[in-house]
Amino acid sequence: MVKIEKMTTQHLAEVITLSVVEEQKKFVGTIDEILASANAQIRPHVILVEDKTVGFFLIDTTYAKTYDFTGQSNSIGLRSFFISKEHQGKGYAKQAILALPNYLSEAYPHHSKIFLTVNCQNPIAKELYLKGGFEDTNALYHGGAAGPQHIMVRSIKSSIRAVSQ
Ligand SMILES: CC(C)(COP(=O)(O)OP(=O)(O)OC[C@H]1O[C@@H](n2cnc3c(N)ncnc32)[C@H](O)[C@@H]1OP(=O)(O)O)[C@@H](O)C(=O)NCCC(=O)NCCS
């Protein structure tokens, strides 16, 4: 069972051991580079399986200010999502992506949409996001270092919350 938590100093020893394979580094970089971009507005999160850290992502609350394509001020961004190489292919990314809306609707209740960009050379990740309910906006972002990226978006209102509203 996959859990999502905000990263704390207790996770640090495991987080710094996380890495992707060489060919995937162009998509997310190294964990040192990712952690260097984290701050109070760009929050690091861990993906846990039985309390072991298997993956990581950033939730960027400044995303709408940084990227015009969001078109609205209350959107947040998913960045640097990855599963460490030794844990890939076990369904953990899919479980985490499916758990994300409920987590975000609790942790970031004032935001209604989450955006991400995924490299056009990364069909595995794009497929994962589609399975997780993200939609391809059919627009491309050209500002990335590794070529054009699909812009994807998802509502983060949980189904439970949507029913009760
Ligand atoms: C993309 C990534 C997160 C997938 O993680 P994972 O834990 O291996 O994925 P899962 O085992 O949960 O599989 C989820 C889906 O991804 C796709 N997928 C995963 N591995 C795949 C492979 N080797 N070949 C084809 N599709 C694959 C499938 O659609 C799969 O869904 P399914 O189980 O219904 O077939 C992982 O490969 C990764 O960390 N890549 C490097 C970083 C990266 O590219 N991040 C995205 C940045 S936008």
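**Note on the ligand site, the pocket and the cavity**

1. A backbone N or O atom of G89 lies 2.7 Å from an oxygen atom of the ligand, a polar contact in the sense of a pair of N or O atoms within 3.5 Å. An oxygen atom of the ligand is also 2.8 Å from a polar backbone atom of G91. From the side chains, K131 places a polar atom 2.8 Å from an oxygen atom of the ligand. Taken alone, the ligand exposes 930 Å², and the protein buries 73% of that (Shrake-Rupley areas with a 1.4 Å probe).

2. This is a predicted model, in which local features need pLDDT of at least 70 and side-chain atom pairs count only at pLDDT 80 or more, while totals for chains, interfaces and linings use all residues. Residues are numbered from 1 along each chain as its sequence is written, and side-chain values use heavy atoms, with hydrogens and water left out.

3. The ligand is surrounded by 23 residues, of which F81, G89, K94, N122 and K131 are the closest (near means a heavy atom within 4 Å). By class, this shell has 13 nonpolar, six polar and four charged residues; Gly counts as polar and Tyr as nonpolar in this scheme.

4. The space taken by the ligand is the largest pocket, where taken means that more than half of the ligand atoms lie within 2 Å of the grid points. Two or more shell residues come from each of α2 (25-28), β4 (75-83), α5 (92-107), β5 (113-119) and α6 (123-131). α6 gives the most, with six residues. Helices (H or I, at least four residues) and strands (E, at least two) are DSSP runs, numbered from the N terminus.

5. The largest pocket holds about 1,200 Å³ of space. It is lined by 44 residues, and F27, V28, F81, N122 and Y129 are the closest to its centre. A pocket is an open set of points on a 1 Å grid over the protein atoms alone, with protein on both sides within 12 Å along at least five of seven lines; lining residues have an atom within 4 Å of a point. α6 again gives the most, here seven residues. The lining divides into 22 nonpolar, 15 polar and seven charged residues.

6. There is one cavity of 30 Å³ or more, a cavity being a set of points where a 1.4 Å probe fits but cannot get out. The volume of the largest cavity is about 40 Å³, as filled by probe spheres set on the points. Its lining includes L18, K25, V28, I34 and F82, and α2 and α3 (31-36) each supply at least two lining residues.

Definitions and conventions:
A polar contact is a pair of N or O atoms within 3.5 Å; within protein, one must be able to donate a hydrogen and the other to accept it, and residues adjacent in sequence count only if both atoms are side-chain atoms.
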